[in-house]
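The structure is shown below for reference.

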Amino acid sequence: MQHLDSGKPIIEAHDVAKSFNTQAGKVELFTGLSLSVAPGESLAIIGRSGAGKSTLLSLLAGLDTPTSGHVMFAGQPLDELDDPARADIRLRHLSFIFQSFHLLPELDALDNVRLPLEIQGAADAELQARHWLQEVGLGARMDHYPSQLSGGEQQRVAIARAFATRPSVLFADEPTGNLDDETGHQIIEQLFSLNASQGTTLILITHDLELARRCRRRLHLHAGRLEEVVE
């Protein structure tokens with residue numbers, strides 16, 4: 001994990017807006033969104049389907065840029081950086097877990113986890129990849145391709161891949177959305193257990209209130225606004 005200033009927010013959004021031009025005209029997904037995430041914090045962003053949760057994740061991760069406002073990573077404005085600079089921040093500091101797993105079908109489990117480590121320049125990429133697959137209980141499935149793995153096993157590979165690079169921030173977008181309830185529960189237990197042991201900042205996108213309650217803070221995205229959930 002890269003060492004950042006623990007006294008400052010790791011992710012900030014200041015008065016962020018995002019709009020799209022469609023055939024029907026301009027659509028404003030949200031305006032004036034602001035938030036601050038501390039290092040090591042777990043934050044759930046909840047809301048109905050179509051509220052813009054995944055778009056907000058893309059903005060916070062520097063995968064997309066806001067129409068107006070600023071997103072900061074460790075005090076650095078992402079929207080003022082060029083694409084290669086934002087990609088470098090993602091490579092060195094961020095990891096992702098998606099609903100649809102996003103594994104490379106032509107690579108086996110070991111190579112799916114090893115690849116980002118090699119891109120980072122890790123000298124012991126294979127050793128680390130084997131360690132993390134053991135951590136998620138797939139020591140006997142390392143040579144299996146995604147098509148040979150169940151949905152739960154594929155998501156475990158994705159979790160191993162996400163933690164292997166020791167990210168500062170982990171973004172999880174509906175990580176159990178394609179799994180049955182029992183498998184989803186097992187995946188979440190593994191995700192939160194590993195996250196606690198690694199001290200990673202977790203930003204979780206979900207419509208599942210029970211899952212959201214596992215996080216220290218919850219924000220509700222509704223009608224283009226973010227509201228703190230207090231229970």
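## Basis of the report

A salt bridge is a side-chain nitrogen of Lys or Arg within 4 Å of a carboxyl oxygen of Asp or Glu. The model described here is predicted. By this definition, 12 salt bridges are present in the structure.

## A bridge between distant parts of the chain

One of the salt bridges joins the side chains of Lys18 and Asp64, with a distance of 3.2 Å from N to O. The two residues are 46 residues apart, and the pair links distant parts of the chain. Lys18 belongs to strand S1 (residues 11–22), whereas Asp64 is found in the loop between helix H1 (53–60) and strand S4 (68–73).

The two partners are assigned to separate accessibility classes. Lys18 counts as buried because its relative accessibility is 9%. Asp64 has a relative accessibility of 26% and therefore counts as partly exposed.

Arg114 takes part in a salt bridge with Asp111, in which the closest N and O atoms are 2.2 Å apart. Both residues lie in helix H3 (residues 109–120), three residues apart, or about one turn of the helix. Arg114 also meets the side chain of Glu118 in a salt bridge of 3.7 Å, N to O. Glu118 and Arg114 are four residues apart in helix H3, again about one turn.

With a relative accessible area of 19%, Arg114 is buried.

## A network of salt bridges

The residues Asp111, Arg114 and Glu118 belong to a network of salt bridges that also links Glu126 and Arg130.

Definitions and conventions:
Residues are numbered from 1 along each chain as its sequence is written. This is a predicted model: local features need pLDDT of at least 70, side-chain atom pairs count only at pLDDT 80 or more; totals for chains, interfaces and linings use all residues. Side-chain values use heavy atoms; hydrogens and water are left out. Buried means under 20% relative accessible area, exposed over 50%, partly exposed in between (1.4 Å probe, protein chains only).
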